[in-house]
Amino acid sequence: MRRASLEWNRRVRRVGFVPTMGALHRGHVSLIERARRENDVVVASIFVNPVQFGPTEDYAKYPRPLAKDAALCRKAGVDVLFLPSAKEMYPPEHDTWVTVERTSGPLCGEFRPGHFRGVATVVLKLFNLVQPTRAYFGLKDYQQVRVVQRMAADLNLPVKIVPCPTVREADGLALSSRNAYLSPDERRAAARVPAALRAAEQVIKSSSGVSVERVRAAAKAELVRIPGAKVQYIEVVDPETLAPLRRVRGEALVALAVYVGKTRLIDNIVVKRRT
Ligand code: AMP
């Protein structure tokens, strides 16, 4: 990987990079296609990063359909598919970690301790290996985008982070590799999650300075009606810093995590109030 990236650098090639954990879907493909349009070389990686999973999370059972993923990458225009092993990435002597402190604190960070430390560490390692000009991340994982942007700015990384819109199923459910865990009943229930974000959006747009409590209550009212769903969090925060808001005047990020059965789903929306 290093040899190839040095060669592209020498030849002034623009390298677009799409890091993933595989089990690719149209969300991933949208990132690859954008990278294809904006660069000379497209690198995708598939690496199920052990250090971003908690001890009770789904690392072992995370889907790994490698042949199908490779075919999808080829079709979407990936030039190099990078598949490092966990042993190569984290030899026993590995001892360096990247912590993006404030940005990793709220939302998912509160419920997945160490998750964003694992994400930031692997993303920095992958950036150093691939040396991309641009790297593409989906806004479905909104906090991840902010963590990576903060890390890139704070550590003066020579890479442009490109946030990309969330790709959804026809019924509104955000595409996710973890949707594969849902039974048909759960899948129908999951389709009702985006309604909570729309309810929050409506309340925010109804008047200026609405309290965050009202926004959360509107979203929660939708989620509690979903059979088998258990809310982990619904938060309304500053979209730049992820700091909590008390009232919504300008822009707000509404972000939520909900269990449908045993499957944890996340979704979010950025609401811009017209002033
Ligand atoms: P993952 O394989 O889940 O780690 O995701 C790899 C990249 O694809 C991340 O930047 C995700 O945010 C992005 N991604 C995942 N799902 C979607 C989606 N539904 N729409 C857009 N991007 C996505």
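These questions and answers set values from a predicted model against the definitions behind them.

Residues are numbered from 1 along each chain as its sequence is written, and side-chain values use heavy atoms, with hydrogens and water left out. In this predicted model, local features need pLDDT of at least 70 and side-chain atom pairs count only at pLDDT 80 or more, while totals for chains, interfaces and linings use all residues.

Q: What makes the protein as compact as a globular protein of its length?
A: The protein has eleven helices and ten strands, where helices (H or I, at least four residues) and strands (E, at least two) are DSSP runs, numbered from the N terminus. The radius of gyration is taken over C-alpha atoms, and the globule rule is 2.2 Å times the number of residues to the power 0.38. For 275 residues that rule gives 19 Å, and the protein has a radius of gyration of 19 Å, so it is as compact as a globular protein of that length. Its C-alpha trace spans about 55 × 40 × 40 Å along the principal axes.

Q: Why is Cys-73 called buried?
A: Buried means under 20% relative accessible area, exposed over 50%, and partly exposed in between (1.4 Å probe, protein chains only). Cys-73 has a relative accessible area of 2%, so it is buried. Buried residues make up 51% of the 275 residues in the protein.

Q: How do you know that Cys-164 is too far from the closest cysteine sulfur for a bond?
A: A disulfide is a covalent bond between the sulfur atoms of two cysteines. The test is a pair of cysteine sulfur atoms within 2.5 Å. The closest cysteine sulfur to that of Cys-164 is in Cys-73, 15 Å away, so the two are too far apart for a bond. Cys-164 is also buried, at a relative accessible area of 2%. Searching the whole structure finds zero disulfides.

Q: What makes the pair of Tyr-90 and Trp-97 stacked?
A: The ring centres of Tyr-90 and Trp-97 are 6.2 Å apart and the planes are at 15°, which counts as stacked. Tyr-90 is buried at 14% relative accessibility, whereas Trp-97 is partly exposed at 30%. Elsewhere, ring pairs link Phe-17, Phe-127 and Phe-137 into a cluster.

Q: Is Val-12 buried or exposed, and how do you know?
A: Val-12 has a relative accessible area of 69%, so it is exposed. Val-12 is in the loop between helix H1 (2-10) and strand S1 (15-20). Its phi is positive, about 50°, although Val-12 is not a glycine.

Q: Is Leu-107 buried or exposed, and how do you know?
A: Leu-107 has 5% relative accessibility, so it counts as buried. Leu-107 lies in the loop between helix H5 (101-104) and helix H6 (108-111). Leu-107 has a positive phi of about 50° although it is not a glycine.

Notes. Rings of Phe, Tyr and Trp (its six-membered ring) pair if their centres lie within 6.5 Å; planes under 30 degrees apart count as stacked, over 60 as edge-to-face and the rest as tilted.
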